[in-house]
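Please open the model in your viewer and keep the sequence panel beside it. The stops below are meant to be selected one after another.

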Amino acid sequence: MVALSLVLVFPCTAQRVKQLSAESGAAKFSYPATLKVNEIQVLGTHNSYARPVDTALLNYVDPLLARVMGGFVSSMKPAEKAQYEENHPQMLKMSEMLAYDHPTFEAQLNAGLRSLEMDVYADPTGNRFSKPAGYEVLKKMGKTNLAPYDTTDLAKPGLKVMHIADLDFRTHYPTFKLALKALKTWSDAHPKHVPIFIMIEAKDRGIPIFPGAAQVLAFDEKAYEELDNDIFSILGKDKIITPDVVRGNYATLEAGILAKNWPLLSNSLGKFVFMLLPSAGGFSLNTPYVKNRPSLEGRAMFVQSVPGQAHAGFLLLDNATMRQTEIQDAVKKGYLVRTRADIDTYEAKINDKTRAEAAFRSGAQVVSTDFFKPGNFYKTTYVVALPGAKPARVNPVNANK
């Protein structure tokens, strides 16, 4: 029934096309043999590693951040401000923006999600994030019984995973290596899974509102090399769909993208696609990650880009209601696009799926939500599910077009 329904909803050719299967059991996903990696759509989470911020800390920072963020936005250049407002269309309190709670990667992947996101900080000496300044302030105020946080390997040099240093630092995986090992464990146990799309945000700035705040380092060439090396060494190069795979024999990565040189889904089961945001907030696309590698030669990740760049392949177009036509056009051309079903929890607050419906309709290959399971802090019924209730579906916009 699954294969038949897909053929009826998404006719691939005038004749019946041979069907193949990925996943297993109730998650079994049937698809045309000709389908490519960029011709599916999956659902994922935003800040997938995160655990809830301590309530006392959120209550303390809400008024502080309201003043800081107001000044931050007003000081932006017009283009930056427009971009920020597009990606954050509602001005919510920090406690509302962080009103979500994700389980482990294993639980999310078992639930059928096939995209995860990690925020990564450089820490070449270790101990940079061992004593969060937010907690130190509360302790001096006599606050006790603060929510515990995992300190595993925080003292060691290496990339760390958290949302906002000193504030939103509670995480299922304190280090990037621990997160990658969790992914490998699950993937090895499910070798026929459809590709898992992992978005990495290279955090290069903090929100230093506390005394003794951690110094957040810029991502330099050495930090990016560490990112790639960790991915390749822990997951294995054979598990990664790299930019080189898509570029193939074309002169540039973008030429390969526009030629739709993505590999077949049938040859990509059990693999990962990594997508890099090279700057916190996406304000700068000028990154050392591309230095001396104009088409991301040898790199593990596709990087946020705009059409016309030699390394263009991954586009971040989070506002699906504003960018509907642009996303559809990009997907048809061969680009990989991430968009969001909800932004800063606002849609869950008002129980509105308009943005989610636009996101799925756009054909963006990766749709991100903070609410893939019932129950939220607002006590609404808002839940986002991929149409078809499978780990992937045939893309409604670009499949066999």
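The tour goes from the whole chain to single elements and then to single residues.

**Before selecting anything**

This is a predicted model, in which local features need pLDDT of at least 70 and side-chain atom pairs count only at pLDDT 80 or more, while totals for chains, interfaces and linings use all residues. Residues are numbered from 1 along each chain as its sequence is written, and side-chain values use heavy atoms, with hydrogens and water left out.

**The whole chain**

Begin with a cartoon view, in which the chain shows 13 helices and twelve strands; helices (H or I, at least four residues) and strands (E, at least two) are DSSP runs numbered from the N terminus. The radius of gyration is 21 Å, close to the 21 Å that the globule rule gives for 401 residues, so the chain is as compact as a globular protein of that length. That radius is taken over C-alpha atoms, and the globule rule is 2.2 Å times the number of residues to the power 0.38. Along the principal axes, the C-alpha atoms fill a box of roughly 70 × 50 × 45 Å.

Colouring by accessibility comes next: 55% of the 401 residues are buried, where buried means under 20% relative accessible area, exposed over 50%, and partly exposed in between (1.4 Å probe, protein chains only). Of the contacts with a separation of 6 or more, 76% join residues 24 or more positions apart, a contact being heavy atoms within 4.5 Å.

**Helix α8**

Select residues 221–235, which form helix α8, with 15 residues and a reach of 21 Å from the first C-alpha to the last, close to the 21 Å expected at 1.5 Å a residue. The expected span is 1.5 Å times one less than the number of residues in the helix. Show the side chains and look for the buried positions, among them Tyr-224, Leu-227, Ile-231, Phe-232 and Leu-235, together with the acidic residues Asp-228 and Asp-230. An α-helix has 3.6 residues a turn, so residues three or four places apart point the same way. What do the buried residues of α8 pack against? Their partners are β4 (115–121), α7 (176–189), β6 (196–202), β7 (272–277) and β8 (301–303).

Staying in α8, pick Glu-226, which is partly exposed with a relative accessible area of 26%. Leaving aside neighbours within four places in sequence, Glu-226 is in contact with Gly-158 and Leu-159, and its C-alpha atom is separated by 8.2 Å from that of Gly-158, 68 residues apart along the chain. Then step past the end of the helix to Gly-236, which follows α8 and has a positive phi, near 95°.

**Strand β6**

Move to Ile-198 in strand β6, which counts as buried at 0% relative accessibility. Beyond neighbours within four places in sequence, the contacts of Ile-198 are Leu-116, Met-118, Leu-183, Phe-272, Val-273, Phe-274 and Met-275.

**Helix α6 and the loop after it**

Select residues 133–140, helix α6, where Ala-133, Gly-134, Tyr-135, Val-137 and Leu-138 are buried. Just after this helix, Gly-142 takes a positive phi of about 90°. Follow the loop between α6 and β5 (160–161) to reach Asp-153, which has a positive phi of about 65° although it is not a glycine. Most residues other than glycine have a negative phi, and most peptide bonds are trans. Asp-153 is partly exposed, with a relative accessible area of 30%.

Thr-345 is the next selection, in the loop between β10 (336–340) and α12 (346–350). Its phi is near 70°, a positive value in a residue other than glycine. Is Thr-345 buried or partly exposed? Thr-345 is buried, with a relative accessible area of 0%.

**Strand β1**

Finish at Leu-20 in strand β1 (residues 19–22), which counts as partly exposed at 23% relative accessibility. The C-alpha atoms of Leu-20 and Tyr-31, eleven residues apart along the chain, are separated by 5.4 Å. Apart from neighbours within four places in sequence, Leu-20 is in contact with Phe-29, Ser-30, Tyr-31, Ala-33 and Ser-266.
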